[in-house]
Amino acid sequence: MRILVIEDEVKIAQFIKRGLKEEGYAVDVVNDGEEGHFLLSSNEYDAIILDLMLPKVDGLTLCRTLRTEGNQTPIIMLTAKDAVKDKVKGLDSGADDYLPKPFAFEELLARVRVLLRKKDGRVQTQLKVDDLSLDLLTHKVIRADREIDLTVKEYALLEYLMRNAGNIVTRTMISEHVWDINFDTFTNVIDVYINYLRNKIDSGFDNKMIHTVRGKGYLLKK
Amino acid sequence: MLLQSIRFKIVLWHMFILSLALFVFGMVLYHNLSLKISNDTDDILRSRAKGIEQSINTYWEAERMNIADGDSKVHFTKEDNINFIKIAKRWVGEKINDPDLINIIVRIFDAHGSPIASSRNIPMEHLNSHIFYDVKKGADHFENAYIYVNEKSSLFRIFTTPVMEYKRLSYVVQVASPLVQLHTVLRNLRFSLLFLLPLTAVLTGLSGIFLVQLTLRPVNQMIETIHQITAENLKLRLTMPGTKDEIESLAKTFNEMITRLDESFTSQRQFMEDISHELKTPLSVLKGELEVTLKRIRSPQEYESALHSNLEEVNRLAGIVENLLTLARFDAKTTTLQAAPLDLNLLIKDVVEAIQVLAIQKEVTIQFNRAHTLDIIADKNQIKRLILNILDNAIKYTPSGGKISIDLSQQKDSANIDIVDTGIGMPESELPYIFDRFYRVDKSRSSIGFGLGLSISQSIAMAHGGKISARANLPKGTVFTISLPIKSKTTNGS
């Protein structure tokens with residue numbers, strides 16, 4: 001899941017990025033509204049964390065612009081303003097959620113999960129394909145009652161594959177949702193991680209779940 | 001409430017003053033009228049008596065001729081003259097219906113006070129001795145007394161006058177006018193005064209209540225509205241009564257006051273919002289960084305860097321709180337200035353040296369054009385802080401390669417410090433506000449905020465009796481002018 005953080009207070013942006021990355025999200029950070037708008041028009045994100053007071057284009061304006069343009073990416077607004085009228089203004093401009101600063105990081109994580117869940121149209125906190133299950137809260141991955149230990153990146157990749165179980169996901173899709181803006185398209189990092197995952201998920205099972213679709217991408221199915 | 005209302009008080013005073021005025025007016029009127037009426041009566045009686053005397057005398061002269069049979073030498077006195085008594089009786093009998101004598105009783109007495117004739121059915125009585133006493137001496141006499149007329153006693157004004165002949169009392173004329181009518185007039189007047197005046201006062205009072213109520217109705221409406229005005233509801237305004245009087249002017253003044261209060265509350269609220277925003281940013285960083293760091297076991301290096309970053313934020317918070325306190329002390333005028341002679345050349349040189357590190361980091365050159373010896377009386381630490389704040393601000397907003405120059409000069413009895421930068425500059429329209437607390441040139445940009453530095457600088461300048469102003473340095477940059485009196489009038493204590 002790839003998240004764009006638009007926040008001009010460098011240190012706040014940094015810890016949000018770090019915390020989200022450690023949860024397995026791919027995170028891009030920009031410091032002003034204009035750059036944020038540019039990234040959003042050229043990349044696909046699963047969620048946006050948007051500060052209100054931003055240089056060049058402020059958060060409210062950016063939010064309205066995105067919604068007018070038809071961009072439906074879930075948005076959480078972050079701001080030091082916590083008056084009811086500010087919240088109403090923020091939500092009415094098209095934001096999905098509103099979190100006043102200072103916030104508890106766990107709450108931000110939970111709210112991000114809610115938005116991603118809503119985006120999928122699902123409410124469960126567990127992804128399940130056949131005997132493979134992934135807990136979105138505890139990050140526990142279990143196949144046939146056996147707990148599988150994954151790195152953060154492997155977890156993020158598996159989560160993305162499982163969310164799209166039964167459908168082919170291209171390398172570009174993977175790079176856009178699992179890796180951040182600094183991903184180098186010319187490396188074979190994705191193939192390497194797919195291999196890691198195969199070793200952990202499929203080895204020792206007759207039923208191989210991760211398939212390569214030649215010339216297209218990968219597929220996770222029963 | 002009712003008894004203390006303006007309405008009640010006005011009406012009560014109004015009635016009291018009116019009653020008093022009417023009472024005095026009534027008393028004077030009554031007194032003057034009764035005096036005038038009795039004087040008039042007396043004048044009439046006097047002139048009637050004179051007329052009667054002349055008429056009787058003429059009558060007598062004519063009759064005397066007849067009695068004397070044309071002999072003018074025959075000499076009669078009227079005194080004790082049987083003929084005169086007859087004449088007088090006849091005169092009275094003839095003249096009784098004279099229009100002039102209607103309502104007037106005429107009595108004639110002889111020189112001894114014995115009755116000769118009377119015009120009405122009055123008991124023939126001897127002239128009262130005390131009257132006769134006066135008359136005998138040749139003096140007129142007035143008195144009020146009861147007389148039986150037609151066997152009915154009533155009060156009369158009685159005038160008695162002697163008629164002299166050859167310096168001897170020859171006879172006495174007494175005329176009397178009934179006082180009944182006069183008394184009726186006065187009684188009517190008394191009745192009017194005693195009954196109509198209080199009635200008038202009461203009626204005036206009632207209409208006064210009505211009028212005052214009419215006048216004060218806008219006031220009651222104002223009170224209603226004012227009741228609804230609270231600190232949260234300062235947008236409410238009184239409706240102008242449109243009466244163009246003191247009440248309208250009161251409403252106008254009140255509205256103006258509410259507007260001022262509203263502005264002051266709004267700026268206060270804005271200030272609170274700004275403070276909370278300013279405090280929340282470092283708090284958010286602290287909280288977020290700590291939470292993220294504590295989510296798992298970290299390496300010592302990671303902990304160290306997190307702690308360093310936290311320390312920075314704590315320092316930032318401490319700085320904001322310190323600045324707020326400084327401003328609060330200036331506002332409350334509890335800052336004591338340690339005023340002493342101060343060499344401005346030396347001080348600015350020190351400040352420039354201290355801030356040089358920042359300037360070199362940003363590749364900004366600072367040039368100081370010193371003045372001839374320029375000493376002022378001021379608080380060294382505060383002035384240092386003032387100049388430091390302005391310089392720090394200038395460096396912050398001057399891009400690399402820029403230049404800042406400081407010019408110190410003396411103008412009459414004030415020292416002027418011009419700090420000129422080639423920074424990003426500010427729109428002319430924003431310049432008057434940059435000394436406001438937490439003022440931001442660009443509302444959406446959190447990076448261009450002056451925080452409290454400029455506000456504190458201004459407070460310091462003002463505490464020394466000086467001022468600080470900013471103007472655009474065309475084509476680019478800003479000029480800050482700090483002007484300090486050489487002999488500082490320290491408004492903040494010592």
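Two strands count as paired if DSSP finds at least two bridges between them. Helices (H or I, at least four residues) and strands (E, at least two) are themselves DSSP runs, numbered from the N terminus. The structure is a predicted model, so local features need pLDDT of at least 70 and side-chain atom pairs count only at pLDDT 80 or more, while totals for chains, interfaces and linings use all residues. Residues are numbered from 1 along each chain as its sequence is written, chains are lettered from A and ligands numbered from 1 in the order in which they are written, and side-chain values use heavy atoms, with hydrogens and water left out.

One open sheet has 3 strands in the order E10-E12-E11 (chain A), and the pairing is antiparallel. Strand E10 (168-170) and strand E11 (210-213) of chain A sit at the edges with a single partner strand each, so one side of each has no neighbour in the sheet. On average, neighbouring strands are turned by 30° against each other, direction ignored; axes here are lines fitted to C-alpha atoms, for helices over the stretch in contact, and angles run from 0 to 180 degrees between N-to-C directions. Between E11(A) and strand E12 (residues 217-220) of chain A, 4 bridges make the antiparallel pairing. Across that pair, A:His211 stands opposite A:Leu219 in E12(A).

Two helices pack on this sheet. H7(A) touches E10 and E12 of chain A, and its direction makes about 75° with that of E10(A); contact means heavy atoms within 4.5 Å. Helix H8 (residues 189-201) of chain A touches E11 and E12 of chain A, with its direction at about 150° to that of E11(A).

What about a residue inside one of these helices? A:Ser175 lies in helix H7 (residues 171-178) of chain A. With a relative accessible area of 8%, A:Ser175 is buried (buried means under 20% relative accessible area, exposed over 50%, partly exposed in between, using a 1.4 Å probe and protein chains only). A polar atom of the A:Ser175 side chain lies 2.8 Å from the backbone oxygen of A:Thr172. Setting aside neighbours within four places in sequence, A:Ser175 is in contact with A:Arg2, A:Phe183 and A:Ile190.

Chain B has an open sheet too, with 5 strands in the order E2-E1-E5-E4-E3 (chain B) and antiparallel pairing. Its edge strands are strand E2 (115-118) and strand E3 (141-149) of chain B, each pairing on one side only. From one strand to the next, the twist averages 30°. Strand E1 (residues 105-110) of chain B is joined to E2(B) by 3 bridges, and B:Ile108 stands opposite B:Ala117 in E2(B). Helix H2 (residues 82-95) of chain B lies across E1, E2 and strand E5 (168-178) of chain B, running at about 20° to E2(B).

Then there are the nonpolar cores, meaning sets of buried Ala, Val, Leu, Ile, Met, Phe, Trp, Tyr and Cys residues joined through side-chain atoms within 4.5 Å. The largest has 53 residues, and B:Ile387 and B:Ile419 touch the most other members. Apart from it lies another core, of 51 residues, including A:Phe103 and A:Phe183. Not counting residues up to four places away in sequence, B:Ile387 touches B:Leu347, B:Ile348, B:Val351, B:Ile417, B:Ile419 and B:Ile482.

Note on methods
A polar contact is a pair of N or O atoms within 3.5 Å; within protein, one must be able to donate a hydrogen and the other to accept it, and residues adjacent in sequence count only if both atoms are side-chain atoms.
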